[in-house]
Amino acid sequence: MKKLNHIVNIIMGSLMGAFVGRSLLIAWRFKTYPELYAMQSAPWYTSILTEGVCVLAVLLICIIIKVIIKKNCKDTD
């Protein structure tokens, strides 16, 4: 169970790091090349919001898995 918990921690950290990095990249691109985003009908931050919802869903699943792991570890003690 500790190995599974460690893997879930790695997934959560990697996912958050990738999301923050991509969000910073999108914000930098908007500041550098605003004319690219002027053509779109949606605001420039729409992709950040949609990716954020997906990341949040996966993080909630990971948190549920961690709660189940902790519950099973307490039951075996």
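The model is predicted: local features need pLDDT of at least 70, side-chain atom pairs count only at pLDDT 80 or more, and totals for chains, interfaces and linings use all residues. Residues are numbered from 1 along each chain as its sequence is written, and side-chain values use heavy atoms, leaving out hydrogens and water.

**Confidence**
- The chain has a mean pLDDT (the predictor's confidence in each residue, from 0 to 100) of 92, and 97% of its residues reach 70 or more.
- Confidence is highest in helix α1 (residues 2-32), at a mean of 95, and lowest in helix α2 (residues 34-38), at 87.
- Helices are DSSP runs (H or I, at least four residues), numbered from the N terminus.

**Helix α1**
- V8, M12, F19, S23 and I26 of α1 are buried (under 20% relative accessible area, with a 1.4 Å probe and protein chains only).
- S23 counts as buried because its relative accessible area is 13%.
- The S23 side chain reaches the backbone oxygen of F19 at 2.8 Å.

**Surface patch**
- L25, W28, Y33, L36 and M39 form a nonpolar surface patch, with about 550 Å² of accessible area together.
- Patch residues have over 30% relative accessible area and no salt bridge; nonpolar side chains are joined within 5 Å, like charges within 9 Å.
- A salt bridge puts a side-chain nitrogen of Lys or Arg within 4 Å of a carboxyl oxygen of Asp or Glu.

Notes:
Helix = DSSP H or I, 4+ residues; strand = E, 2+ residues; numbered from the N terminus. Areas by Shrake-Rupley, 256 points an atom, 1.4 Å probe, with all protein chains shown as cover. Buried < 20%, exposed > 50% of the residue type's maximum accessible area, 1.4 Å probe, protein only. Polar contact = N/O pair within 3.5 Å; in protein donor to acceptor, adjacent residues only side chain to side chain.
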